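I opened this model to look up a few local contacts. The notes follow in the order I made them.

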Amino acid sequence: MSAEPALSVVVGLISGKRADLERCLRALHDQTLDLEMEVLVPYAPPCAEVASLAAAFPRARFIPVAIDSARARAGASREHHDTLRTAGLRAARGRVIALTEDHAHTARTWCAEMVAALERWPKAAAVGGAVECDGQRLLQWAVYFCDFGRYQNPLPEGAAEFVSDSNVAYRREALERVAEAWKDDYHETAVHWAMLAAGFELCTTPRVVVWQRRSDLSLAAALRERFVWAKSFAGTRGRMEGPAKRAIYAMLSPLLPFVMTARVAAQSLGRGAHRGRFAAALPLVFLLQCFWALGELAGYVSGKP
């Protein structure tokens, strides 16, 4: 492999399940991209299910990352995932660096479309794609609507305020320009705000698609995940915007379940592809948003991601 491949893909371990990672890596192996690429899988040893796939996918680089025991035990913690992503970003050699997750599988044209999209938008630091749900259970759909409702197709093409770290590609030079924002842990919010502040654009395209499949997710795990990830988001946001705004956001946090559920409803009903699924999952969506609000409140009070 050359010293600088055209594309590096960093796979974030969210589920940590062998079957999920195997499906993800197989989809990346079957890409139509003609250019040279590398796939990076940062993981925290011991992780036998992940390490066992190294022999099956020799073209992927499995990168062991030392994480202290308390954080490693909290495998679902946002900090754990973000530390692994940071290690992947540091190890990546490509001119374009893409992120996805182990419980997502990509369309066969995903890599090629990512590279092409960045060529279409020379001012874009990052291009994000659509996220769809590959599941049958109501809980899977409820989590999908909460996490990725704004990224469901038909996704608008062009400049955007948000892109998802489960389906995004960055220009290497843009990432290096905002390296201070991810030097310790990668937080999607901090990185994207830093890019916008530096004068870059974020763009989305419906042509770049991944499917989320969270088949073994329990309600208890989903609620805990919403709380932890919201705390991470709010802690990062509060640290960047200062104590006065933190206090205001904390006071407003009880309104979040209603505001966020209404926003997801508008997105889902407006785009029309999954109206029936959303109506059936609505009670679970609202419950998940309540735990998100609790997480945001905790993040604003503590001021720590």
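Before going on, I noted the ground rules. This is a predicted model, where local features need pLDDT of at least 70 and side-chain atom pairs count only at pLDDT 80 or more, while totals for chains, interfaces and linings use all residues. Residues are numbered from 1 along each chain as its sequence is written, and side-chain values use heavy atoms, with hydrogens and water left out.

Ser-8 sits in strand S1, residues 7-12. Strands (E, at least two residues) and helices (H or I, at least four) are DSSP runs, numbered from the N terminus. Is Ser-8 buried or exposed? Ser-8 is buried, because its relative accessible area is 0%. My classes are buried under 20% relative accessible area, exposed over 50%, and partly exposed in between (1.4 Å probe, protein chains only). I then listed what Ser-8 touches, not counting residues up to four places away in sequence: Glu-38, Ala-92, Arg-93, Gly-94, Val-96, Ile-97 and Ala-98. Contact here means heavy atoms within 4.5 Å.

**Entry 1: salt bridges.** How many salt bridges does the structure hold? I get 17. The criterion is a side-chain nitrogen of Lys or Arg within 4 Å of a carboxyl oxygen of Asp or Glu.

I took helix H1 next. Asp-20 forms a salt bridge with Arg-23, with 2.8 Å between the closest N and O atoms. The two are separated by about one helical turn, because they are 3 residues apart in helix H1 (residues 18-29). Asp-20 counts as buried, at 5% relative accessibility. Glu-22 pairs with Arg-26 in a salt bridge, the closest N and O atoms being 3.3 Å apart. Both lie in helix H1, 4 residues apart, about one turn of the helix. An α-helix has 3.6 residues a turn, so residues three or four places apart point the same way. Glu-22 is partly exposed at 26%, and Arg-26 is partly exposed at 43%.

Arg-207 forms a salt bridge with Glu-157, the closest N and O atoms being 3.8 Å apart. Arg-207 lies in strand S9 and Glu-157 in the loop between H6 and strand S7 (158-160), so the pair ties together parts that are 50 residues apart in sequence. Arg-207 is partly exposed at 43%; Glu-157 is partly exposed at 39%.

**Entry 2: a loop glutamine.** Where is Gln-136? Gln-136 is in the loop between S6 and H6. Gln-136 is exposed, with a relative accessible area of 63%. Leaving out residues up to four places away in sequence, Gln-136 touches Trp-141 and Arg-277. Its side chain makes a polar contact with the side chain of Arg-277, at 3.5 Å. Gln-136 and Arg-214 are 78 residues apart in sequence and 9.9 Å apart in space, C-alpha to C-alpha.

Entry 3: I checked H8, residues 188-197, where Thr-189, Ala-190, Val-191, His-192 and Met-195 are buried. Their cover includes strand S6 (124-133), strand S8 (168-171), helix H7 (172-177), strand S9 (201-212) and helix H9 (219-241). After H8 comes Gly-199, whose phi is positive, near 95 degrees.

Ser-232 is found in helix H9. Ser-232 counts as buried, at 3% relative accessibility. The Ser-232 side chain makes a polar contact with the side chain of His-187, at 3.4 Å.

Conventions
A polar contact is a pair of N or O atoms within 3.5 Å; within protein, one must be able to donate a hydrogen and the other to accept it, and residues adjacent in sequence count only if both atoms are side-chain atoms.
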